[in-house]
Amino acid sequence: MRPVLRRRRPARPELVLLCDVSGSVAGFANFTMLLVQALHDQFSKVRVFAFVNRVDEVTDLIARGTADPEGLGSRIISGAAVTGYHGSSDYGSSLGEFAERYTEAVTPRSTVFVLGDARTNMSDPNVPALRTIASRARQVYWLNPEGRAQWQTGDSAAGTYAEFVEMYECRNARQLSALIGRLLPV
């Protein structure tokens with residue numbers, strides 16, 4: 001016999017991280033990637049991508065048991081193709097390359113976290129690429145380490161991106177902890 005009214009266990013979600021590892025937000029991205037490494041068992045699948053102005057998968061570089069967590073940033077910069085023609089972040093180019101090369105990573109079971117300040121260095125923000133990613137995912141959240149008052153100032157496209165995905169100010173461990181507790185099945 002199988003009980004008909006048995007409560008279904010919710011499936012564990014897939015997690016996709018898309019992390020800006022440029023100098024301005026590298027510390028925040030590294031901390032968050034290490035946190036995800038610690039929470040890995042809460043998800044059915046985890047894939048991590050890093051970018052500056054190109055995007056590359058770095059899942060293996062943050063795999064459980066990897067030695068030297070403090071050297072994560074330098075391992076990513078030296079071992080992944082995250083920069084191309086310059087060293088400044090280019091969200092439009094990176095989002096476009098992700099949407100072109102890695103769309104299979106995002107499924108209807110995926111929760112996507114974009115980690116970064118959304119500073120485009122005056123380049124095209126490529127909103128259609130973000131829309132493509134969001135249309136394939138279950139949910140997309142953007143964690144921005146800049147204060148909300150700085151969004152949409154200078155070269156920030158945070159307000160533009162926030163029209164299409166949920167963007168949260170995430171400047172300290174308290175904010176990150178509260179956000180993870182609210183959004184993830186931990």
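Reply: Happy to; below we take the terms one by one, keeping in mind that this is a predicted model.

Me: What makes strand 1 and strand 2 a pair?

Reply: Pairing takes at least two bridges. Strand 1 (residues 14-20) and strand 2 (residues 45-51) have seven bridges, in the parallel sense, so they pair by that rule. As one example, V16 has R47 of strand 2 as its bridge partner.

Me: Which strands does the sheet contain, and in what order?

Reply: The sheet is an open one of six strands, ordered 3-2-1-4-5-6, and its pairing is mixed. From one strand to the next, the twist averages 20°.

Me: Why are strand 3 and strand 6 said to stand at the edges?

Reply: Strand 3 (55-57) and strand 6 (166-169) each have a single partner strand, so one side of each lacks a neighbour in the sheet.

Me: What does helix 1 lie across, and how does it run relative to strand 1?

Reply: Helix 1 (residues 26-38) lies across strand 1, strand 2, strand 4 (110-115) and strand 5 (139-144). Its angle to strand 1 is about 160°.

Me: How many residues does the chain have, and what share counts as buried?

Reply: The chain has 186 residues, and 51% of them count as buried, that is, under 20% relative accessible area.

Conventions
Residues numbered from 1 in each chain as written. Predicted model: local features only at pLDDT ≥ 70, side-chain atom pairs only at ≥ 80, totals over all residues. Heavy atoms only, no water. Buried < 20%, exposed > 50% of the residue type's maximum accessible area, 1.4 Å probe, protein only. Helix = DSSP H or I, 4+ residues; strand = E, 2+ residues; numbered from the N terminus. Axes fitted to C-alpha atoms, helices over the stretch in contact; angles between N-to-C directions. Contact = heavy atoms within 4.5 Å.
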